[in-house]
Amino acid sequence: MAAEKTLRELFHDTLKDIYFAEKKILVALPKMAKAAQSQGLKAAFEKHEAETEEHVARLEKVFSEIDAPARGKTCDAIIGIIDEGQEVMKEFKGTPALDAGLLAAAQAVEHYEIARYGTLKTWARELGLDQAVKLLDATLAEEKKTDEALTKLAQSEVNQHAEAA
Ligand SMILES: [Fe+2]
C-alpha cells in the first residue's frame, strides 16, 4: 500500500471524526448557553454556536474536495468531554461555580478541536488539498480565538465570581 494512500485514508477518517464532533457540539452549545449565568459567557457560547454551523459547512466542502459523502463517525472522545460538561451542569446547578465549570468544559472541547484541525490542516497540505487547507485553517483560527476569549472571560469575571461566594 502506498504511503500516500494511508495518509489519505487517515485524513478521511479524522475528517469523519471531527464532523461527528462538530455536530455534537452544535447540540451541546445551546444547552450550555442556557445554563450559563454570566451574560458574557452566554454570549460567547451563542457566538460560537453560529461559528460551529459554519464549521460544519466547511467540513462538508472538504468532504466534497475528496469526493466523499459528508458522514460522521462516532467520536468517543467528544462524547466523553461533552458528558463531563453535562455532569458539571447537573452537579453545580444553582451554585456560583457553575459558570467556571461550564467554561472549563467548553475549553476542553476547543482544545480537542484545535488538536484535530491542526492535524487535518497539516495532512491536507501534505496531500495537496489546497482548498481544504484554507477551509481547515479558517476554522482552526476561530477555535483558537474562542479558546482565548474563554480564557479572558475566566480571568476577568467567571473564576472570581466562583470564588466570591
Ligand atoms: Fe468547531
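Asp67 is exposed, because its relative accessible area is 73%; exposed here means over 50% relative accessible area, buried under 20%, and partly exposed in between, with a 1.4 Å probe and protein chains only. Asp67 sits in the loop between α2 and α3, and has a positive phi of about 55° although it is not a glycine.

Colleagues, a word on the basis of these values. This is a predicted model, in which local features need pLDDT of at least 70, side-chain atom pairs count only at pLDDT 80 or more, and totals for chains, interfaces and linings use all residues. Residues are numbered from 1 along each chain as its sequence is written, and side-chain values use heavy atoms, with hydrogens and water left out.

I turn to the overall fold. The protein chain has five helices and zero strands, in the order α-α-α-α-α along the sequence. Helices (H or I, at least four residues) and strands (E, at least two) are DSSP runs, numbered from the N terminus. The C-alpha atoms fill a box of roughly 60 × 25 × 25 Å along the principal axes. Of the 165 residues, 43% count as buried. Contact means heavy atoms within 4.5 Å; among contacts between residues at least 6 apart in sequence, 81% join residues at least 24 apart.

Let us look at α3. Which residues of α3 are buried? They are Ile78, Ile81, Ile82, Gly85 and Met89. Seen down the axis of α3, these buried residues fall within an arc of 95°, so they line one face of the helix; the arc is that of the directions from the helix axis to the C-beta atoms. On the other side of α3, Asp76, Glu84, Lys90 and Glu91 are exposed.

Leaving out residues up to four places away in sequence, Ile78 touches Phe20, Ala21, Lys24, Ile25, Val109 and Tyr112. With the same exclusion of residues up to four places away, Ile82 touches Lys24, Ile25, Ala28 and Val109. Ile82 counts as buried because its relative accessibility is 12%.

Finally, the metal. Which residues coordinate the iron ion? The donors are Glu22 (OE), Glu22 (OE), His55 (ND1), Glu113 (OE) and Glu143 (OE), at 1.9 to 2.5 Å. Donors are N, O and S atoms within 2.8 Å of the metal (3.2 Å for Na, K and Ca); water is not among the atoms, so sites may look incomplete. In sequence, the donor residues follow the spacing E-x32-H-x57-E-x29-E. Distant parts of the chain are linked here, with His55 in helix α2 and Glu113 in helix α4, 58 residues apart. His55 counts as buried because its relative accessibility is 0%, and Glu113 counts as buried at 0%.
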